[in-house]
Amino acid sequence: MKLLVDPKTKKKLYDSMVSIVGKEHVTQLETDRVLNAHDAWQLNAAKLRAGEMMPLADMIVFPASGEEIAKILVVANDLKVPVIPVGGGAGTCGGTLAIYGGIQLDMKRMSKIHPIDHESMTVRVEAGVVGIDLEEEVNRHGYTLGHTPTSLRSSNMGGFIATRSGGSLSSLYGKIEDLTLGLQVILPNGSTVDCKAVPRHSVGPDLQQLFIGSEGVLGIITEATLRLFLIPEERRFRSYSFPDIHSGLEAIRHIFRIGIEPSVARLYDPEDAAMAFSMHFKFEEGHCMLLLGFDGDSAQNDIDENKSMKICTEQGGTDHGEGPAKRWWEHRYDMYYPSRLTTSGFAIGDTIDIVATYDKLENIYHAMKEAMEAHDAIVMSHFSHMYHNGGSIYMIFFSSRATAEEAWETYTKIWDDGVAVCLREGGTMSHQHGVGFSRSTYIEDELGSAFSVLKQIKEVLDPNGIMNPGKLGLGVRK
Amino acid sequence: MTFDDTLAEQIRMCAACPKMCRHVCPTFFAWRSDSPTPHGRALLLHQEIVGTRDLDERGIEVLFQCLECSHCLTFCKPEIDIATIVEQRRKDIVTEGRRPTGLDDMAESIKKHHNPYSESHESRNDWIGTKKSDGKHLLYFTGCTAAYREKVIATDTVEVLETLGYLVSVSPDEWCCGSPLFRTGDVKLGLELASHNVEMLNASEADEIVVTCPGCYRVLTKDYPDYDLQLNKPIKHISQTLEEQVSKLPMKDFEGSITYHDSCHLGRHCGIYDEPRKVIEKVSGTSLVEMERTRDNAMCCGNGAGLRTLFPEKAKKIGSERVKQAKTVGADILVTSCPFCKNMLESQSGEDLTVLDLPEIVLMAKRGRKANID
């Protein structure tokens, strides 16, 4: 086996890490490296099931503070050893894979939640806080973060910010880039960047946004200041079926157009609607299902719901009351669990979470569905994370093949063709999952000439290319 | 190592899960690492089953870092009982002679002294005084922790039961129930103890067996029958016996907020949640203040399945967190119904939280009323 970090360097690195964080917080044991090797990328999971090994880091280091991280990065930079930040390990794009070995910098020990600033409605937290722990803590004080990704129980704040994460209520509360007011990042040279927590500013470009979504390729996110919202007086649900995607999308577009901001707006295509709701609710075969949610006080929700219902009716929708939408909310984590079917043989599925403006969404949906289905895959979709100007489509596929080789090849083709069609039709390949390793080969096509800007930034901030190499299409080594 | 197809399928599913239960895993809390987690354990077993990788020494350690509290099962939609799966693998590890050496002393002590504390068997319960009565005869199976480490639970249990009119006896022939051995995979030695205890208990003239330790309760009611060892009389946990007599229980104003900690063995593993609560509410005359994590969502105290023996500081960290959860809801008194939990929680409670076992609070109520009357 080729050694990515030679034994002499590794020994030096280990000794340095022990001196920085203590022996208890560094491990080179193979079992620990195996159990830390993967995130929740579906191809990883399928390969692990099939008995394949993931690439392993040389060691895992668990820092307790930004000061320790700064020292770690100085050593790694000096020795030119890769550093891969690991949050909750719940990413879906292989962003934490140690493809060139090195240090996996596991942030889970940094889980401090500072006292809430009730006056400003903010909370400062360390990057390793698990999402559900933070949400429960702020709930105790009457607040919500409004950030509820399906991975809430297993992902953490640093990961949210590093991947520009989005939750199922993002239509109202926004994505993590909207929720992050302040940020601290440690650069590869050990220096600290503090982006002050302010609601808005006019002091040059927003450098904080440079690091939100940087996926560990520019530095390590150590802490953030986040916005809080009062827990709404009520969350009300309404559901409508529509004869086709077009009419359902039109209903959503018109709802946002008149200034209504539902917390939930999800349109399930006929296949996904049948899968998700036909077991419990009666609606016409081949119809789509729109789920709406309204957060607020009862009087405001009355107004927003009535206006939305009128629009849905005008667009040809049929009212199904709160049932399907409420059921989805109460069971929103269920689909995340593995099943016998989805883990059997060489079964593999995934989601391409594209995003586009309204003028392109419908075309992208049809074109991607056709391209992905061409590989004998089951494709079902829902439009979610909808906004004033457009939204996301969850293009979900599932396939199963007789051999691992065929399965992995089919998986890659579906991704290649799906993303190519998305880009051809004017969409962007990810709304909230990020790029990681799995989409790194598409990023030049996605960003076009802007990619060279990203590359130049990377070269300036990380001249030795130690930060999460191979992710975001940056730092790819031979 | 053998798992049948059904278990292998469950292990595969758990190994493929994006960690939907990890947030409640107490050992994840203690280590803040992806290794000692349900998913981590399942992946190690899956890799062993499909031949990717054998369990190495660290892998075995990870399997013995499980508290077997089954909190993960509460959050598992496919209902995969990874704690039981881990326990099954532990059995083979013990048979293979690869058990963590830290458990050898415990097993040796149980073999030699019939208790895990290296205390003399003769002093197990000879200090417990009982009175004659015409009432229903209960054989109190004291369990090792009440007998050697939490003696006040044992004496209070006897006094409370005698006050209720029962004839209570203890047996000098009682041995460790085998719980620490069954839970850590040492079935062979566990069954030696079980056989002895079954013979002793079945020969007793008592009408019922009562236990204060949920670990004993689980072993007597579930493990013994699983190994075809049948007891010829009913076995009750003290919370069940007291709940049956709830109308006769005394009441006292404890002048503080009371919460209840569900033992994993009693709650998730045996489904007993209501009985201790009814008893506490009766003797205190107030409603319990529930912790956020309660009943089948209760956090483990950190003391189970060999963790305290192997990793005492991590076990204490978990116990300390559970104490913090009680204080967060403003509790002045934390009641549990498990000597082992009480032992851990009291060690972490500090001066602003009183930790009591169920018979203790009942007896306090009785004494309080007497004091008022006098």
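User: Before we discuss chain B, what do the domain bounds come from?

Analyst: Domain bounds come from an automatic or database domain assignment. The model itself is predicted.

User: Which domains is chain B divided into?

Analyst: The assignment gives domain 1 (5-98), domain 2 (105-243) and domain 3 (249-373) of chain B.

User: How far apart are the C-alpha centres of domain 2 and domain 3 of chain B?

Analyst: Those two centres lie 21 Å apart. Across the boundary, 29 residues of domain 2 of chain B are in contact with 28 residues of domain 3 of chain B.

User: Which helices supply the domain 2 side of that contact?

Analyst: At least two residues each come from α8 (144-148), α9 (151-163), α10 (179-183), α12 (214-226) and α13 (238-244) of chain B. The largest share, seven residues, is supplied by α9(B).

User: Changing topic to the contact between the chains: how many residues does each chain give?

Analyst: Chain A gives 34 residues and chain B gives 28 residues. On the chain A side, α2 (30-35), α3 (42-49) and α5 (131-140) each supply at least two residues. The largest share of that side is five residues, from α2(A).

User: What is the make-up of the chain A side?

Analyst: The side of chain A that touches chain B divides into 15 nonpolar, nine polar and 10 charged residues.

User: Now chain A on its own. How many helices and strands are there?

Analyst: Chain A has 17 helices and 17 strands. Four strands form an open sheet with mixed pairing, in the order β1-β2-β4-β3 (chain A).

User: Why is one side of β1 and of β3 left without a neighbour in the sheet?

Analyst: β1 (26-27) and β3 (83-86) of chain A stand at the edges and each has a single partner strand, so one side of each has no neighbour in the sheet.

User: How do β2 and β4 run, and how many bridges join them?

Analyst: Strands β2 (residues 59-61) and β4 (residues 103-106) of chain A run parallel and are joined by three bridges. Within that pair, Val61(A) has Leu105(A) as its bridge partner in β4(A).

User: What about the overall dimensions of chain A?

Analyst: Its C-alpha atoms fill a box of roughly 70 × 60 × 40 Å along the principal axes. The radius of gyration of chain A is 23 Å, which agrees with the value near 23 Å for a compact globule of 478 residues.

User: And what percentage of chain A is buried?

Analyst: Buried residues make up 53% of the 478 residues in chain A. Of the contacts in chain A with a separation of 6 or more, 74% involve residues 24 or more positions apart.

Technical notes:
Residues numbered from 1 in each chain as written. Chains lettered and ligands numbered in written order. Predicted model: local features only at pLDDT ≥ 70, side-chain atom pairs only at ≥ 80, totals over all residues. Pairing = 2+ DSSP bridges. Rg over C-alpha atoms; globule rule 2.2 N^0.38 Å. Buried ≥ 20, exposed ≤ 12 C-beta atoms within 10 Å, placed from the backbone. Contact = placed C-beta atoms within 7 Å. Nonpolar A, V, L, I, M, F, W, Y, C, P; charged D, E, K, R; others polar.
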